[in-house]
Amino acid sequence: NDPDADSEDNSNILRAIGVRQYCNQVSLRLQLLNSDNKQQAISVGIPSDCITCIQEVKYSLLAQNARLPGFSTLVTNLITSSNDEVHSNDPDADSEDNSNILRAIGVRQYCNQVSLRLQLLNSDNKQQAISVGIPSDCITCIQEVKYSLLAQNARLPGFSTLVTNLITSSNDEVHSND
């Protein structure tokens, strides 16, 4: 266990207790780094369905990646591309999508048995990929996923923050292990 993570979790639990004492009607969500600290939060009266552990989410994403190869790459690219300020009408995004479509055609032509997944930045280019023979269920548009995450965030407040923190902390771990 990382002592800094435990310290941060303890601080977050204390803040949650304070919020509960003064604003009981507030919809509280507690984000913990270490899943071992979840029981401590539950023991002080924070409902388990209001607690999200980053460590558990990481393991869940890892499991999803085993079921759906490329899932973690998609989520990582989604988060990092939101920082790149790529817009749907950006000519660079269209150029990158066109290059990816051409690569996908080449892969299909020479390695037809490969399970191909095409990632596009702009959803307007999806029809172009379909018209050259790439099945629509093999195409993921970053723009569509962003809108979907935005919609999920409306249903589950804090969801996008959770995903962003998860990806950011995953990137920090990768760099610290170098």
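**Figure 1. The whole chain at a glance.** Buried residues account for 28% of the 178 residues in the chain. Keep in mind that this is a predicted model. The chain has eight helices and four strands, and reading along the sequence gives the pattern α-β-α-β-α-α-α-β-α-β-α-α. Take the contacts between residues at least 6 apart in sequence: 45% of them join residues at least 24 apart.

Figure 2. Helix H1 takes in residues 3-22. With 20 residues at 1.5 Å a residue, H1 should span 28 Å, and the 29 Å between its end C-alpha atoms agrees with that. Which residues of H1 are buried? They are Ala5, Asp6, Asp9, Asn12, Ile13 and Ala16. Looking down the axis of H1, these buried residues fall within an arc of 125°, so they line one face of the helix. An α-helix has 3.6 residues a turn, so residues three or four places apart point the same way. The buried residues of H1 pack against strand S1 (30-32) and helix H2 (38-43). Turned away from that buried side is a face with the exposed residues Pro3, Asp4, Leu14, Arg15, Gln21 and Tyr22.

**Figure 3. The largest nonpolar core.** Ten residues make up this core: Ile101, Ala104, Leu116, Leu118, Leu120, Ala129, Ile134, Cys138, Ile139 and Cys141. Which elements give two or more residues to the core? Helix H5 (91-110), strand S3 (118-120) and strand S4 do. Apart from this core lies another one, of nine residues, including Ile13, Ala16, Ile51 and Cys53. In soluble globular proteins, nonpolar side chains tend to be buried together.

Figure 4. Ile139 sits in strand S4 (residues 139-141). Is Ile139 buried or exposed? Its relative accessible area is 7%, under the 20% cut-off, so Ile139 counts as buried. Setting aside neighbours within four places in sequence, Ile139 is in contact with Leu118, Leu120, Lys126, Ala129, Ile130 and Ile134. Ile139 and Ser123 are 16 residues apart in sequence, and their C-alpha atoms are 9.7 Å apart in space. Now for Ile134: leaving out residues up to four places away in sequence, Ile134 touches Ile101, Ala104, Leu118, Ala129 and Ile139.

**Figure 5. Asn98 on helix H5.** Asn98 is found in helix H5. With a relative accessible area of 30%, Asn98 is partly exposed. Asn98 and Ala129 are 31 residues apart in sequence, yet their C-alpha atoms are 8.6 Å apart in space.

**Figure 6. Helix H3, side by side.** H3 has 14 residues, which at 1.5 Å a residue should span 20 Å; the end C-alpha atoms are 20 Å apart, in agreement. The buried residues of H3 are Ile54, Lys58 and Leu61. These three cover an arc of only 60° around the axis, which puts them on the same side of H3. Over on the other side of H3, Tyr59, Ala66 and Arg67 are exposed.

Figure 7. Glu56 lies in helix H3 (residues 54-67) and Lys38 in helix H2, so the pair ties together parts that are 18 residues apart in sequence. Glu56 has a relative accessibility of 36% and counts as partly exposed. Side chains of opposite charge can pair when their charged atoms come close.

**Figure 8. Lys126 and Glu144, another salt bridge.** Lys126 forms a salt bridge with Glu144, and their closest N and O atoms are 3.7 Å apart. This pair links distant parts of the chain, with Lys126 in helix H6 (residues 126-131) and Glu144 in helix H7 (residues 142-155), 18 residues apart. How exposed is Glu144, and which class does that put it in? Glu144 is at 35% relative accessibility and counts as partly exposed.

How values were computed
Residues numbered from 1 in each chain as written. Predicted model: local features only at pLDDT ≥ 70, side-chain atom pairs only at ≥ 80, totals over all residues. Heavy atoms only, no water. Buried < 20%, exposed > 50% of the residue type's maximum accessible area, 1.4 Å probe, protein only. Contact = heavy atoms within 4.5 Å. Expected span 1.5 Å × (residues − 1). Arc of directions from axis to C-beta. Core = buried A, V, L, I, M, F, W, Y, C linked by side-chain atoms within 4.5 Å. Salt bridge = Lys/Arg side-chain N within 4 Å of Asp/Glu carboxyl O.
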